[in-house]
Amino acid sequence: MRLFLAIDLDPAVRGGLIRLQARLRETVAPPEVDLRWSSPDSLHLTVLFLGEIDAAALPGVEEACAAVASATPPF
């Protein structure tokens with residue numbers, strides 16, 4: 001499975017990005033540009049892309065993430 005670590009966005013930030021995305025969709029891109037728009041529900045800030053991870057390694061990844069998260073103050 002493909003995994004990444006991400007930060008969920010504040011609703012106000014998400015709303016601003018959704019409005020910006022809507023405005024950008026109205027622009028005309030050259031035909032050679034392959035644009036794919038993200039769903040507003042999936043907008044996030046990727047911190048680290050882990051790539052393909054075997055399902056057997058998932059418990060270790062979860063444990064490492066929990067350890068880092070518990071030692072990191074909210075921001």
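Let's start with a nonpolar surface patch: Val13, Leu17, Leu20, Leu24, Val33, Leu35 and Trp37 make one of about 570 Å². For such a patch, residues need over 30% relative accessible area and no salt bridge, and nonpolar side chains are joined within 5 Å. Areas come from the Shrake-Rupley method with a 1.4 Å probe. This is a predicted model, where local features need pLDDT of at least 70 and side-chain atom pairs count only at pLDDT 80 or more, while totals for chains, interfaces and linings use all residues. Residues are numbered from 1 along each chain as its sequence is written, and side-chain values use heavy atoms, leaving out hydrogens and water.

Take Leu20 from that patch. Leu20 sits in helix α1 (helices are DSSP runs of H or I, at least four residues, numbered from the N terminus). With a relative accessible area of 39%, Leu20 is partly exposed, because that label covers what lies between buried (under 20%) and exposed (over 50%).

Now look at Arg14, also found in helix α1, which covers residues 11-25. Arg14 counts as buried, because its relative accessibility is 17%. What do the side chains of Arg14 and Asp8 meet in? A salt bridge, at 2.6 Å from N to O; the cut-off is a side-chain nitrogen of Lys or Arg within 4 Å of a carboxyl oxygen of Asp or Glu. The structure holds one salt bridge. Side chains of opposite charge can pair when their charged atoms come close.

The side chain of Arg14 also reaches the backbone oxygen of Pro40, at 2.9 Å.

How values were computed
Helices (H or I, at least four residues) and strands (E, at least two) are DSSP runs, numbered from the N terminus. A polar contact is a pair of N or O atoms within 3.5 Å; within protein, one must be able to donate a hydrogen and the other to accept it, and residues adjacent in sequence count only if both atoms are side-chain atoms. Patches are made of residues with over 30% relative accessible area and no salt bridge: like charges are joined within 9 Å, nonpolar side chains (Val, Leu, Ile, Met, Phe, Trp, Tyr) within 5 Å. Buried means under 20% relative accessible area, exposed over 50%, partly exposed in between (1.4 Å probe, protein chains only).
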